[in-house]
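Good morning, and thank you for coming.

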Amino acid sequence: MKLFSHYLKDRLFFIMIYMVSVLVCLCVFKLYDLELEAFAYAFMILCVLLVVCFLFDYYKYYKKHQTRVTLRSNSNVSLSCDLQDSSLIGEDYHKILVAMKEYHDQYVESSESKMHDLEDYFTMWVHQAKLPIAAMKLLLEDEKLSRSEIKLQLLRMDQYTDMVLAYLRLNSTHTDFLFKELELDDLIRQSIRRFSTEFIRKHIQLSFKETKDVILSDEKWLVFVLEQILSNSLKYTNENGLISIYMKSKHILVIEDNGIGISASDLNRVFEKGYTGMNGRSDKTASGLGLYLCKNILDMLNHKITIESSVGKGTRVLLDLTHFEGRIE
């Protein structure tokens, strides 16, 4: 009954037109002094036709309502032709619904993909984090406790924490970039100090030539990139090796090592998410996310990164810290 009252309300305009038309016809019959019996006969025929039309129209109204109720309660219902209206307005509404359904499906698919990526990453991160924790447990059981080894494992845990935070922020809808002029040498020294224990432990020589360069960038994110690159250099450089940091030209910073290098087959894929290559297969702690994060962060900072490497000879990472002001909002 409630549905029928809504139907009458929706069709009230047409009902009023019909009633006005009947009154006009009645007035015309009166003015011309025509037989009212003929009017009554015509009126009865029109009423029968009107009832038939209204019943048919109400049936269509009811079916459309039921379809929409089903669609509202079940998001998996497809937008079939039952929802379509023969009128132009009805077709427009149907197109809007189809567009909204497509957007909804794309959004769900994208969200599920991101959730799957997060699950994969955190699963891998937990396995990574367990290694330094297990190492610290073994070190604590040793009577001759090595403070340097404990510091090394804590540094690795700190790195893993920074990586997961960077990964989450990078995939968020907004970032916390703060662009300002920075002394590049200060950022480099900040990154070197963090790995001072690792330099000493592996007896790796550091050659750092002051750049005296001022760049426009975000301090926190750029330091993260520098630390990731230094971490990779330390990881894949043998004891008594050499890591050099210098400027190739204006705003072009080079971080170079004489480590094990990267094979030519891996070099084109080092920035892919989760790709570890030959070196990663030998190093079980590799996640394949360090350079992926660096590349994405530098793209967002409007900087560039390229890598040159030869197996057994070492690796050169070139950071183009030139800033293109046209891309800053």
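Let me begin with N240, which is exposed, with a relative accessible area of 60%. By exposed I mean over 50% relative accessible area, by buried under 20%, and by partly exposed anything in between, with a 1.4 Å probe and protein chains only. Before going further, I note that this is a predicted model, in which local features need pLDDT of at least 70 and side-chain atom pairs count only at pLDDT 80 or more, while totals for chains, interfaces and linings use all residues. Residues are numbered from 1 along each chain as its sequence is written, and side-chain values use heavy atoms, with hydrogens and water left out.

N240 sits in the loop between α8 and β4 (242–249). Although N240 is not a glycine, its phi is positive, at about 65°. The loop between α8 and β4 also holds N238, which counts as exposed because its relative accessibility is 53%. N238 and N258 are 20 residues apart in sequence, and their C-alpha atoms are 8.3 Å apart in space.

H251 is another non-glycine residue with a positive phi of about 65°. Its place is the loop between β4 and β5. Is H251 buried or exposed? At 16% relative accessibility, H251 counts as buried.

I turn now to the salt bridges. The structure holds 12 of them, a salt bridge being a side-chain nitrogen of Lys or Arg within 4 Å of a carboxyl oxygen of Asp or Glu. In one of them, the side chains of R194 and D162 meet at 2.8 Å, N to O. This pair links distant parts of the chain, with R194 in helix α6 and D162 in helix α5 (residues 147–170), 32 residues apart. R194 counts as buried because its relative accessibility is 19%, whereas D162 is partly exposed at 24%. Both residues belong to a network of salt bridges that links D158, D162, R194 and E227.

Helix α6 also contains R189 and D186, which lie 3 residues apart, about one turn of the helix. Their side chains form a salt bridge of 3.8 Å, N to O. R189 is partly exposed, with 28% relative accessibility, and D186 is partly exposed too, with 45%.

A further salt bridge joins R316 to E256, with the closest N and O atoms 3.8 Å apart. Here again distant parts of the chain are linked: R316 is in strand β7 (residues 314–320) and E256 in strand β5, 60 residues apart. R316 has a relative accessible area of 22% and is therefore partly exposed; E256, at 25%, is partly exposed as well.

How many cavities of 30 Å³ or more does the structure hold? There is 1. A cavity is defined on a 1 Å grid over the protein atoms alone, as a set of points where a 1.4 Å probe fits but cannot get out, and lining residues have an atom within 4 Å of a point. Grid points are joined across faces, edges and corners, and the volume is the space filled by probe spheres set on the points. The largest cavity contains about 40 Å³ of space. Its lining consists of I188, S191, L226, L230, I245, L253 and I255. The elements that contribute two or more residues to this lining are α6 (184–194), α8 (219–235) and β5 (252–257).

Finally, two places elsewhere in the chain. V20, V24, V28, L31, Y32 and L34 form a nonpolar surface patch, with about 620 Å² of accessible area together. Patch residues have over 30% relative accessible area and no salt bridge, with nonpolar side chains (Val, Leu, Ile, Met, Phe, Trp, Tyr) joined within 5 Å and like charges within 9 Å; the areas come from the Shrake-Rupley method with a 1.4 Å probe, and for residues only the protein chains shown count as cover. V24, one of the patch residues, lies in helix α2 (residues 12–31) and is partly exposed at 46% relative accessibility.

A264, in helix α9 (residues 264–267), is exposed, with a relative accessible area of 66%. A264 and S309 are 45 residues apart in sequence and 7.8 Å apart in space, C-alpha to C-alpha. Thank you for your attention.

Note on methods. Helices (H or I, at least four residues) and strands (E, at least two) are DSSP runs, numbered from the N terminus. On a 1 Å grid over the protein atoms alone, a cavity is a set of points where a 1.4 Å probe fits but cannot get out, and a pocket is an open set with protein on both sides within 12 Å along at least five of seven lines; lining residues have an atom within 4 Å of a point.
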